[in-house]
Amino acid sequence: MGEYARNQMVITPEYGPRLRFSKVFTNLPLVHDPPKSLGVRAFCNICTKCADACPVNALPYGPPETSKDQSAIKGVRKWTSDAAECFGFWAKLSSDCAICMRVCPFNRDFTQWQHRLWLKMAFSRFRRFALWLDRNRGKRAKPTDWWQSP
Ligand code: SF4
Ligand code: SF4
């Protein structure tokens with residue numbers, strides 16, 4: 001479906017980081033297909049936009065590694081957040097944050113051709129160029145501008 005990213009989200013080619021998973025428990029015999037690499041991890045290896053933007057430095061730099069954080073899944077090598085810092089910030093806001101979703105270059109509307117073209121580049125050896133093209137995106141819109149836009 002997608003690939004795990006530095007911002008702790010699963011990024012898919014259809015929705016970027018903007019999806020929520022739900023579980024259905026069943027005893028139906030189901031087959032699953034093998035994992036396949038899309039190119040998200042390769043992109044995250046050269047990008048730190050989410051970690052740079054996190055107001056409480058809860059996201060990791062560097063490659064995926066095993067974490068001793070009490071909230072981390074033990075023995076799994078992955079990008080792991082400092083969950084206490086992240087949720088502490090949410091508690092201060094009395095709301096959630098999602099800055100790491102907003103600034104992610106994959107946060108795009110892939111129904112539009114120009115974003116699908118960008119995605120092709122991001123999943124290819126031109127990923128550094130795709131990251132450069134993203135340099136001015138992800139800024140917070142002024143609420144007044146958003147409400148007044150058509
Ligand atoms: S949700 Fe906010 S505080 Fe938590 S990791 Fe993302 S940017 Fe940081
Ligand atoms: S902002 Fe960059 S490093 Fe963070 S999840 Fe998105 S692509 Fe990966």
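Colleague: In which loop is Arg125 found?

Modeller: Please bear in mind throughout that this is a predicted model. Arg125 is exposed, because 9 other C-beta atoms lie within 10 Å and a residue with 12 or fewer is classed that way. As for its place in the chain, Arg125 is found in the loop between helix 5 and helix 6.

Colleague: In what order do the elements of the protein run from the N terminus on?

Modeller: The secondary structure comes to seven helices and two strands, and the C-alpha trace spans about 50 × 40 × 35 Å along its principal axes. From the N terminus on, the order of the elements is β-β-α-α-α-α-α-α-α.

Colleague: Which residues of helix 5 are buried, and on which side of the helix are the exposed ones?

Modeller: In helix 5, which covers residues 113-122, the buried residues are Trp118, Leu119 and Ala122. They cover an arc of only 100° around the axis, and therefore they sit on the same side of helix 5. Trp113, Leu117 and Lys120 are exposed, and their place is on the other side of helix 5.

Colleague: Against which helices do the buried residues of helix 5 pack?

Modeller: The residues concerned are the buried ones of helix 5, namely Trp118, Leu119 and Ala122. Their packing partners are helix 1 and helix 6, the latter covering residues 127-133.

Colleague: Which residues touch the most other members of the largest nonpolar core, and which elements give two or more residues to this core?

Modeller: The largest nonpolar core has 21 residues, and those that touch the most other members are Cys50, Cys54, Leu59 and Cys100. For Cys50, leaving aside neighbours within four places in sequence, the contacts are Arg6, Asn7, Leu59, Cys100, Val103 and Cys104. The elements that give two or more residues to this nonpolar core are helix 1, helix 2 and helix 5.

Colleague: How many charged residues does the shell around ligand 1 have?

Modeller: The residues around ligand 1 include Cys54, Cys86, Cys97 and Cys100, together with others such as Val56, Leu59, Phe89 and Ile99. Helix 3 (83-93) and helix 4 (99-102) are the elements that give two or more residues to this shell around ligand 1. By class, the shell around ligand 1 has ten nonpolar residues and one polar residue, and the number of charged residues is none.

Colleague: Which residues come nearest to ligand 2?

Modeller: The shell around ligand 2 divides into nine nonpolar, two polar and two charged residues. Helix 1 (40-46) and helix 2 (49-53) each supply at least two residues of that shell. Of the 13 residues around ligand 2, those that come nearest are Ala5, Cys44, Cys47, Cys50 and Cys104.

Colleague: Is Cys47 buried or exposed?

Modeller: Cys47 lies in the loop between helix 1 and helix 2, and, neighbours within four places in sequence aside, it is in contact with Pro105 and Leu131. The C-alpha atoms of Cys47 and Arg127 are separated by 9.7 Å, although these residues are 80 residues apart along the chain. With 24 other C-beta atoms within 10 Å of Cys47, against the 20 or more that the class requires, Cys47 is buried.

Terms used. Residues are numbered from 1 along each chain as its sequence is written. Chains are lettered from A and ligands numbered from 1 in the order in which they are written. This is a predicted model: local features need pLDDT of at least 70, side-chain atom pairs count only at pLDDT 80 or more; totals for chains, interfaces and linings use all residues. A residue is near a molecule or strand if its C-beta atom, placed from the backbone, lies within 6 Å of it. Helices (H or I, at least four residues) and strands (E, at least two) are DSSP runs, numbered from the N terminus. Ala, Val, Leu, Ile, Met, Phe, Trp, Tyr, Cys and Pro count as nonpolar, Asp, Glu, Lys and Arg as charged, and the others, Gly among them, as polar. The arc is that of the directions from the helix axis to the C-beta atoms. Two residues are in contact if their C-beta atoms, placed from the backbone, lie within 7 Å. A nonpolar core is a set of buried Ala, Val, Leu, Ile, Met, Phe, Trp, Tyr and Cys residues joined through C-beta atoms within 7 Å.
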